[in-house]
Amino acid sequence: MSDWKQKRFWKEVSAVEVDGGFAVLLDGRGVKTPAKVSLTLPSLEMASAIAAEWDAQVEGVKPETMPYTRSANAAIDKVSNQQAEVADMLADYGDSDLLCYRADSPQELVMRQAEHWDPALDWAKETLGACLETRQGLRHARQDPAALAVLRDAVHDLNNFQLAAFHDLVSMSGSLVLGFAAARNWRTADDIWQISRLDETWQEEQWGVDEEAQETAELKRTAFLHAKSFYDIC
């Protein structure tokens, strides 16, 4: 959608039920994806959110103001054509999960990581049935294959629309566990985002805030919260 310069030509926008799901109509005509596939959606709530984005366009279509439309396009045009590959790529985060790699100093950071990251790993063990082990430093150490298999199966259970959202939840947080924690409402999405940025927050406390980095982080936070919202209406 990024290169589309289409001007608004429609007067009415509606969200309706169709065969196989729900659709968004512009003056009675169904919206299509950039790949010219019918935008068939899994829920009325999603169709209504996308319809609201189209209705909010004034003169020219501005894709940057249409996050739900972009996410749905990604689910249909990209994820659906490589669902297994996307699921495998996300599942691989489990073997190098952010929460498992801990600092060995200073002690205050060590304690802060344990305080905020251990409960998430405990949740994963109790809720997902996957026990991941922590280690100090950044050197990779493989996790228990049985735990990884449990997580992989859970990722593969997601549908195309869930995977499109889950991709951002995992890749932006750097953690498969936090991706699941957000999707399954362990804590609020904003709380989970802050947990994922624990190391960055620590650095800011020590060396000060970089304004450019802070702006980038806020953009990522907004995208993370959108991904959670999109996941919820799948």
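# Exercises on a predicted model

Ser175 has a relative accessibility of 0% and counts as buried. Buried means under 20% relative accessible area, exposed means over 50%, and partly exposed lies in between (1.4 Å probe, protein chains only). The model is predicted: local features need pLDDT of at least 70, side-chain atom pairs count only at pLDDT 80 or more, and totals for chains, interfaces and linings use all residues. Residues are numbered from 1 along each chain as its sequence is written, and side-chain values use heavy atoms, with hydrogens and water left out.

**Exercise 1.** Place Ser175 in the chain, then name the partner of its side chain.

*Solution.* Start with the location. Ser175 sits in the loop between α6 (160-173) and α7 (176-183). Helices (H or I, at least four residues) and strands (E, at least two) are DSSP runs, numbered from the N terminus. Now the partner. The side chain of Ser175 makes a polar contact of 2.8 Å with that of Asp97. Such a contact is a pair of N or O atoms within 3.5 Å; within protein, one must be able to donate a hydrogen and the other to accept it, and residues adjacent in sequence count only if both atoms are side-chain atoms.

**Exercise 2.** How many salt bridges does the count give? Work through the one between Asp55 and Arg8.

*Solution.* First the rule: a side-chain nitrogen of Lys or Arg lies within 4 Å of a carboxyl oxygen of Asp or Glu. The count comes to 11. In the bridge of Asp55 with Arg8, the closest N and O atoms are 3.4 Å apart. This pair links distant parts of the chain, 47 residues apart: Asp55 is in helix α1 (residues 44-55), and Arg8 is in the segment before β1 (13-18). Asp55 is partly exposed at 43%, and Arg8 is partly exposed at 23%.

**Exercise 3.** What is the omega of the peptide bond between Ser105 and Pro106? Then find the phi of Lys36 and of Asn185.

*Solution.* Begin with the background. Most residues other than glycine have a negative phi, and most peptide bonds are trans. Ser105 and Pro106 are joined by a cis bond, with omega about -10°. Pro106 lies in the loop between β4 (101-102) and α4.

Turn to phi. Lys36 has a positive value, near 70°. This residue lies in the loop between β3 (29-30) and α1, and is exposed at 67%. Asn185 also has a positive phi, near 60°. Asn185 is in the loop between α7 and α8, and is exposed at 52%.
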